[in-house]
Amino acid sequence: MEKVLDIQNLHAAFSIQKKDYEVLHDISFSINRNETVCVVGESGCGKSVTTLCIMQLLPKNGKIQSGSIYVDGTDLTKLSKKEVRKFRGKKMGMIFQEPMTALNPLLTIGFQLRENIINHRGASKKEANAIAIEYLKKVGIANPEQRLKQYPFQLSGGLRQRVLIAMVLSAQPDLLIADEPTTALDVTIQKQVLSLLNDLKKDMNAGILFITHDLGVVAEIADRVVVLYAGRKVEEGTTHQIFKNPLHPYTIGLMNAVPNVDLDEFEIRPIPGTFPNITEKIDGCRFNPRCPHASSCPKCFETAPEMIEAEPGHFVACHLKK
Amino acid sequence: MKRENQLLVAFRKLLKNKLATICFILIIIELILVIFAPLFTQYDPTAMDTTLRLRPGFWAMDSELYLPGHWLGTDELGRDVWSRILYGGRISLSVGFISTTLGIIFGTLFGMLAGYYKKLDNIIMRIMDILFTFPGILLALLIVAMLGVNVVNATIAISIWSIPSFARMIRGRVLQIKEEEYITAIRSLGASDFWILTRHVLRNALPTIIVIATMRMASSILSIATLSYLGLGVPQPTPEWGGMISTAKTVMYQASYLVVIPGIAVVLTVICFNILGDKLRDILDPSLRD
């Protein structure tokens with residue numbers, strides 16, 4: 001299978017007041033063509049930073065310390081700024097969390113779609129218009145000709161997210177990065193956008209990196225799941241493996257935290273404790289202050305657990321699973 | 001085409017405001033009078049006639065000194081005040097317009113570069129700070145003194161004077177726009193910095209530019225009047241409002257209207273542009289909108 005994205009041993013850090021704090025530690029995973037990989041975890045675990053690393057859009061105080069990011073076989077970390085810019089849009093497109101602010105409010109939808117198509121496909125204005133209409137139809141927008149003339153404020157959130165998806169897809173990227181694209185939408189629209197992405201993936205033959213903290217969304221869309229905790233990958237497996245047989249105590253905690261209406265005992269069981277600050281130093285496993293099993297295992301406080309393959313394709317980093 | 005639409009919307013909103021409408025109409029009337037000055041007066045603004053010195057205007061219609069035709073009277077050299085006001089307005093308005101335009105072009109350029117590129121920020125803004133340390137008119141005086149007294153140099157002086165405040169305001173706006181998510185989104189689609197700056201940042205800064213340009217127009221007109229009053233703007237005998245006030249000083253007690261009339265012209269123009277700018281800001285400035 002062809003890999004559209006391959007991240008290897010990625011380390012990234014933010015410098016705050018001239019001190020570097022590691023936000024991503026040894027992250028590795030890959031995405032094949034026609035596959036959706038979900039990255040899940042709490043706010044601040046490094047999900048969005050991962051996407052920004054791939055897009056090379058880290059804020060000024062952030063940097064990739066080591067590791068490589070291959071998109072379509074090219075290592076982005078070795079490219080110049082100008083070369084990376086050619087990759088953005090063309091090879092990898094990104095859908096943002098907040099559709100309300102991700103469009104320029106002063107320009108029509110049509111202008112913004114066309115400018116992107118002309119830029120990436122070298123189409124004439126007329127061709128670009130036709131392509132724009134085609135893609136708006138693809139994302140399920142009724143009377144696209146009219147929509148092209150409208151400004152972002154005239155569209156609802158769901159419509160704007162569709163426009164953004166159309167904009168990203170119209171450049172025909174091989175990798176689609178979606179950073180919580182449904183978080184700002186209400187549930188019915190969320191469902192529509194998810195099935196839209198599923199259909200489009202098959203259509204475009206692209207790989208999707210989907211960032212979310214919503215396990216319901218994961219179950220719906222993902223082929224494989226990567227669980228991040230405090231900048232580290234703690235578990236990786238197919239969606240089936242992760243949901244049927246979660247191995248890491250953190251993943252189990254996440255599953256339990258989802259309320260299940262079908263059970264008699266309708267109760268949310270949160271993971272105790274709070275997420276560590278990046279400035280905090282924790283020896284051993286980063287999850288140990290919150291882990292229910294750590295107290296009986298001294299190793300958890302001494303060394304960081306290595307990634308092991310518990311079953312084919314299912315990896316976990318936990319001392320207790322050895 | 002699309003941008004015109006939006007400006008039209010803003011313009012229609014502007015006309016809903018009575019005060020702004022009055023100011024707008026006054027400015028239009030003034031522009032017509034000044035541009036087509038020969039149609040509204042038959043006298044040459046520089047033609048002197050010492051036999052007709054200091055003749056009063058329409059307010060002394062019963063006086064035997066009143067000359068029909070010179071409805072605003074004549075000055076100490078027998079020149080028609082009405083034609084001098086009209087032709088003087090040509091200088092005031094065109095200097096105001098040209099120096100504001102030059103100020104906008106360079107101020108926007110510097111402001112955008114400083115706001116967008118962090119590396120250039122310090123260099124550009126420190127240079128602007130140096131220009132800021134001169135009290136406004138002093139900087140213009142300095143430039144005119146160095147380059148020589150004429151209209152072109154006065155225009156250059158006023159333009160340079162307005163660059164730093166433009167640059168500072170545009171920079172602030174660009175800093176704000178730069179952080180918007182749509183800029184990141186556009187960048188993630190592979191847009192170049194140049195494209196982002198010209199297509200997205202500039203366009204979003206446009207309302208701010210329009211507002212400060214209108215306000216600046218008022219102060220530029222005031223500046224050229226000030227410079228001419230000080231004898232450093234437009235040399236005599238070319239009519240100019242500030243210059244008219246300056247030469248009328250000597251006969252102020254016999255003929256106060258020679259000071260008052262050009263004074264009214266300056267004040268009216270400046271107030272109109274200021275009010276227009278103020279109302280435009282209410283409409284266009286996103287930070288004041290809901």
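**Buried charges, a covered strand and a chain contact**

A:Glu236 and A:Lys233 are both buried; here, buried means under 20% relative accessible area, exposed means over 50%, and partly exposed lies in between, with a 1.4 Å probe and protein chains only. The model is predicted, so local features need pLDDT of at least 70 and side-chain atom pairs count only at pLDDT 80 or more, whereas totals for chains, interfaces and linings use all residues. Residues are numbered from 1 along each chain as its sequence is written, chains are lettered from A and ligands numbered from 1 in the order in which they are written, and side-chain values use heavy atoms, with hydrogens and water left out.

**Salt bridges**

- Over all chains, the whole structure holds 21 salt bridges, a salt bridge being a side-chain nitrogen of Lys or Arg within 4 Å of a carboxyl oxygen of Asp or Glu.
- One of them joins the side chains of A:Glu236 and A:Lys233, at 2.5 Å from N to O.
- Another links A:Lys201 with A:Asp223, whose closest N and O atoms are 3.3 Å apart.
- This pair connects distant parts of the chain, 22 residues apart: A:Lys201 belongs to helix α7 (residues 187–204) of chain A, and A:Asp223 to the loop between α8 (215–221) and β9 of chain A. Helices (H or I, at least four residues) and strands (E, at least two) are DSSP runs, numbered from the N terminus.
- A:Lys201 is buried, with a relative accessible area of 7%, while A:Asp223 is partly exposed, at 32%.
- In chain B, the side chains of B:Asp121 and B:Arg171 form a salt bridge of 2.7 Å, N to O.
- B:Asp121 lies in helix α5 (residues 118–133) of chain B and B:Arg171 in helix α7 (residues 151–178) of chain B, so that the pair links distant parts of the chain, 50 residues apart.
- B:Asp121 counts as buried at 14% relative accessibility, and B:Arg171 as partly exposed at 21%.
- A:Glu2, A:Arg33, A:Asp72, A:Lys91 and A:Asp174 are joined into one network by salt bridges that share partners.

**Strand β3 of chain A**

- Strand β3 (residues 36–40) of chain A is mostly covered, with 5 of its 5 residues buried.
- On one side of β3(A) stand A:Thr36, A:Cys38 and A:Val40, and on the other A:Val37 and A:Val39; these residues are all buried, and both faces are covered.
- β3(A) pairs in the parallel sense with strand β8 (residues 207–212) of chain A over 5 bridges; two strands pair if DSSP finds at least two bridges between them.
- Opposite A:Thr36 stands A:Ile208 in β8(A).
- β3(A) also pairs in the parallel sense with strand β9 (residues 224–229) of chain A, over 4 bridges.
- A:Val226 in β9(A) is the bridge partner of A:Val39.

**Contact between chain B and chain A**

- Chain B gives 18 residues to the contact and chain A gives 26 residues, where contact means heavy atoms within 4.5 Å.
- The two chains bury about 2,200 Å² between them, 59% of it on carbon and sulfur atoms; buried area is the accessible area (1.4 Å probe) that two parts lose on being put together, summed over both.
- Between chain B and chain A there are 0 salt bridges.
- Across this interface, 8 residue pairs are in polar contact, both residues at pLDDT 80 or more. A polar contact is a pair of N or O atoms within 3.5 Å; within protein, one must be able to donate a hydrogen and the other to accept it, and residues adjacent in sequence count only if both atoms are side-chain atoms.
- On the side of chain B that touches chain A, α1 (2–15), α8 (181–188) and α9 (193–229) of chain B each supply at least two residues.
- The largest share of that side, 7 residues, comes from α8(B).
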